[in-house]
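Subject: Structure handover, aromatic contacts

Hello,

Here is the structure for your files. My notes on its aromatic side chains follow below.

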Amino acid sequence: MAEAFIVAAARTAGGRKGGRMSGWHPADLAGQVLDALIARTGIDPALVEDVIMGCVGQAGEQSANVARNAVLASKLPESVPGTSVDRQCGSSQQALQFAAQAVMSGTMDIVIAAGVESMSRVPMGMPSSLPAKNGMGSYMSQAIHDRYPGPDFSQFLGAEMMVKKYGLTKDQLDEYAFSSHQRAIAATKSGAFADEIIPLPVRMADGTVTTEMHTVDEGIRFDASLAGISAVKILQEGGAITAANASQICDGSAGLLVVNERGLKTLGLTPLARVHHMTLIGHDPVIMLEAPLPATERALKKAGMKIDDIDLFEVNEAFASVPLAWLKATGADRERLNVNGGAIALGHPLGGSGAKLMTTLIHALHKRGKRYGLQTMCEGGGLANVTIVERL
């Protein structure tokens, strides 16, 4: 079977809700990422055989196949197709895995995997909440309620369940959140993100466009303190989750150019990384966020690897309880996890996060001279993807 290689990986800097990226239509925002991948590699854009794009909020400006709309908003020719993927928060990680499977099968040679989410313009939960408010029903059918009696599935409930199941404390969550900001600050000041970020003009929600370029993740709190984080009010009585130890709402997009050996020869490019292994599992949809733990165990077993064989990890910081529970379950080295900070500081643009994390992981492997990286993230419905890559 053919191999899958990543030859380019880039992302936008994250924008806060209503912030410096909120004026960008998501199709235009993703289109800029597609253009950047072509510009960075210098390839003929007509050679791209598909664009697979993750997006969770597929409504409003992100409806009607946002992947195709991003192609039409880019400099790619209209002959390039596109399809949109919803694997919840793992949508663009799944886009990468679909792209890798396509080139490994030999049915395609050159594919873009990407993701986008404008949470300012398409609020979180809108595809389900808007119909429900207008009497059009819920995604929770009676059969699902019968199988899982209780309230509707909730990531917030799942995050609190993770706290209790893994014996975590609010202090631990807050300390982890503070470290996320510290690492993101250090990475930003050292220029660790410089090669992966696509500079874009600032566009505000009111239509204001400036000549200033957006190059720094807007969610990072450069004045963050542990005391300040610890003082944020808990979201439910008796709980440990707060807005400060959970991921931030974010506008952003990211993409990766994926090819096989034939594609490499056609393009004449040097690969950044090779996709070494891919795993996907379904797990308990009630606790929901626990899936990355057994998924990591399965991935390592199938890949014939041990946790210490992996040099760097990216585990999405949807809530601090997720990476902390993952560390407990896997015994991984904390110093190898989210070395440049994570979604608590940098933001979590839902469908864009999978490609964003992989972009950061690949660049971090190169900057640190490391070989193997593992990415995983919790996903709505109790799902998790695991992707292991090898730096080349």
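Buried means under 20% relative accessible area, exposed means over 50%, and partly exposed lies in between (1.4 Å probe, protein chains only). By that scale F156 is partly exposed, with a relative accessible area of 39%.

Two points on provenance. This is a predicted model: local features need pLDDT of at least 70, side-chain atom pairs count only at pLDDT 80 or more, and totals for chains, interfaces and linings use all residues. Residues are numbered from 1 along each chain as its sequence is written, and side-chain values use heavy atoms, with hydrogens and water left out.

Aromatic pairs: the structure holds 3. Rings of Phe, Tyr and Trp (its six-membered ring) pair if their centres lie within 6.5 Å; planes under 30 degrees apart are stacked, over 60 edge-to-face, the rest tilted. One of the pairs is F156 with F319, edge-to-face at 5.7 Å centre to centre and 80 degrees between the planes. F156 lies in helix α6 and F319 in the loop between β10 and α11, so this pair ties together parts 163 residues apart in sequence. F319 is buried, at 2%.

Another is F313 with W326: edge-to-face, 5.0 Å, 65 degrees. F313 sits in strand β10 and W326 in helix α11, so parts 13 residues apart in sequence are tied together. F313 is buried at 1%. W326 is buried at 0%.

Charges over rings come next (NZ of Lys or CZ of Arg within 6 Å of the ring centre and within 35 degrees of the ring normal). R11 has its charged end over F193, 4.8 Å from the ring centre. R203 does likewise over W24, at 3.8 Å.

Regards

Technical notes: Helix = DSSP H or I, 4+ residues; strand = E, 2+ residues; numbered from the N terminus.
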